[in-house]
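Open the model in your viewer and keep the sequence panel beside it. The tour below goes from one selection to the next.

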Amino acid sequence: MIRKLFLGTVFGGFCAASMLAADAIVWKFPAATAEWSKSFNCTVDEKDDAISVVPSKGDHGIICPKTDIDPSVYNSMRITYRAHGFKTNRTSGDLFFTTETKKNFGSTHRIKLPSLNVDGKTGAVSFRLDTCKEWKSAAKITSLRLDITDQIPGTVDIEKIELFAYDGNRENPVWDFADANTPWDTGDRLSITPENGELRLDITGGDSHIYNYFDRFDGSKYTKLKVTYRAEGFKRTTGGFFFIATGYGRQHFSQNNFFKFPSLISDGKEHSFTINVKLPPAIHSLRFDIVDQFPGKVWIRKIEFLP
């Protein structure tokens, strides 16, 4: 049976009420192991709070063979996990799905996963499903296959898989981490922890970044970006942010759609910087490379686009 999470429950460090427009579909492991009953090219072992997926080949996955999902309602997914034992710092993976008319898993019905952090700590990756036109146009999703990584060796402990509805349209693109009600919960080469009204980033590698794949806004209304932060452990830093907009340039993060940040003041005290920006309408994805250097820590208090 698919379990549902009532609005307002806190998960993954963020408040569900701010993210969800309907009840979420939640598979919490190991209780949901019977629903994700098939696997290939991997062993699946139950732990107290997760299932442990250990691949024997790069092409491996777990399957939920029977679902009844309305894709017009559920447009987003979050996976809570721990990944360890990998020889690479970056992973790739896919979510496959079938429909009433497409009964076999295939490359046309596939959604790419963000990279996992492989430091063994509990983390989450969140991503939109409706960027895949086959998901968006389907009448019903009838099964799911999760290829959590393409890389071996390594182990992924999957704690929870959630499907949820998220509107994402923002009149005012301001993210105040005092409320911890934002979807900036996916990143690379860093760990993300809501802490005392800030988003704490422990930087573990170069080219680190956090993502927001959810919120959408009219970038042409704004001319400045202000970031309020604290930082420790750095001398001089470089960084910046990327954006993707519907109908504007390449639909992936590119240097053509990039703005530089000034060097952060790394004294542990609160500071802010403001940069000028020129953005197109229909922004739908953001990537913030707050620093390129490591190790060190950054606490983000607020991100705001200003007229």
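Cys-132 is in no disulfide, and the nearest cysteine sulfur, 18 Å away, is that of Cys-64. Now select Cys-42. A disulfide is a covalent bond between the sulfur atoms of two cysteines. The structure as a whole holds zero of them. Cys-42 has a relative accessibility of 14%, under the 20% limit, so this residue counts as buried.

**A hairpin**

Select residues 42–46, which form strand β6, and then residues 51–55, which form strand β7. The two strands pair in the antiparallel sense, over five bridges. Between them, a hairpin of four residues joins β6 to β7. To see how the strands line up, show the side chains of Asp-45 and Ser-52: Asp-45 stands opposite Ser-52 in β7.

**The whole chain**

Now clear the selection, switch to cartoon and colour by secondary structure. The chain comes to two helices and 25 strands. Its radius of gyration is 19 Å, close to the 19 Å that the globule rule gives for 307 residues, so the chain is as compact as a globular protein of that length. Along the principal axes, the C-alpha atoms fill a box of roughly 50 × 40 × 35 Å.

Of the 307 residues, 53% count as buried. If your viewer can draw contacts, display those between residues at least 6 apart in sequence: 75% of them join residues at least 24 apart.

**Confidence**

For the last stop, colour by pLDDT. The chain averages 90, and 92% of the residues score at least 70. Then select residues 1–21, where the pLDDT is below 50. Beyond near neighbours in sequence, this stretch has 55 contacts in the model. Where pLDDT is low, the predicted coordinates should not be read in detail.

Note on methods: Residues numbered from 1 in each chain as written. Predicted model: local features only at pLDDT ≥ 70, side-chain atom pairs only at ≥ 80, totals over all residues. Heavy atoms only, no water. pLDDT = per-residue confidence, 0-100. Contact = heavy atoms within 4.5 Å. Disulfide = S-S within 2.5 Å. Buried < 20%, exposed > 50% of the residue type's maximum accessible area, 1.4 Å probe, protein only. Pairing = 2+ DSSP bridges. Rg over C-alpha atoms; globule rule 2.2 N^0.38 Å.
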